[in-house]
Amino acid sequence: MVRQLQTELMVSALKCVGHPADLSGRYNTFIHKFGREISSTSDTLRGYFSRSYGSGHARKMDAYVTTLANEAVISTINDTGFCDHMTPVFDKVMVLDAKDLATFASETVKPRGTLIACSTK
């Protein structure tokens, strides 16, 4: 869920350029603040794909991450208040302690059809 949250925040940063809440700058701050957690989540995701798909894991993971981004973009098409809806998400995430990011993501992000559960094992 952290990867999906990151993707949705990234899409908002790109889509909402010029928005008064400066979502692009806030996204950069998010990446800086939660870099370790994002990296750890990526390692877990990579491990899942490696175990599940063997030598083709990189291609499968790239496809998955691309699908997450595409779905995030598509979900914004008819949402005229998208940037305003994302502002409070940034407000909430930026006051979190790093240890609370995964819980916040699982409580905040609406699962999409491609979402998979990754085990850290």
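This is a predicted model: local features need pLDDT of at least 70, side-chain atom pairs count only at pLDDT 80 or more; totals for chains, interfaces and linings use all residues.
Trainee: Which residues of α4 are buried?

Mentor: Start with the general idea. An α-helix has 3.6 residues a turn, so residues three or four places apart point the same way. Now the case here. Met61, Tyr64, Val65, Leu68, Ala69 and Ala72 are buried in α4. Down the axis of α4, these buried residues fall within an arc of 130°, so they line one face of the helix.

Trainee: What covers the buried residues of α4?

Mentor: The cover includes α1 (2-15) and α3. Take Ser42 as an example from helix α3 (residues 35-53). Leaving out residues up to four places away in sequence, Ser42 touches Arg3 and Met61.

Trainee: Why is Ser42 called buried?

Mentor: Buried means under 20% relative accessible area. Ser42 has 12%, so it is buried.

Trainee: How many disulfides does the structure hold?

Mentor: General idea again. A disulfide is a covalent bond between the sulfur atoms of two cysteines. This structure holds 1 disulfide. Cys16 is joined to Cys83, with 2.0 Å from S to S. The pair links distant parts of the chain, 67 residues apart. Cys16 lies in the loop between α1 and α2 (23-33), and Cys83 lies in helix α5 (residues 82-93).

Trainee: Are Cys16 and Cys83 buried or exposed?

Mentor: Both Cys16 and Cys83 are buried. Their link is left-handed, with -95° about the S-S bond.

Technical notes: Residues are numbered from 1 along each chain as its sequence is written. Side-chain values use heavy atoms; hydrogens and water are left out. Helices (H or I, at least four residues) and strands (E, at least two) are DSSP runs, numbered from the N terminus. Buried means under 20% relative accessible area, exposed over 50%, partly exposed in between (1.4 Å probe, protein chains only). Contact means heavy atoms within 4.5 Å. The arc is that of the directions from the helix axis to the C-beta atoms. A disulfide is a pair of cysteine sulfur atoms within 2.5 Å.
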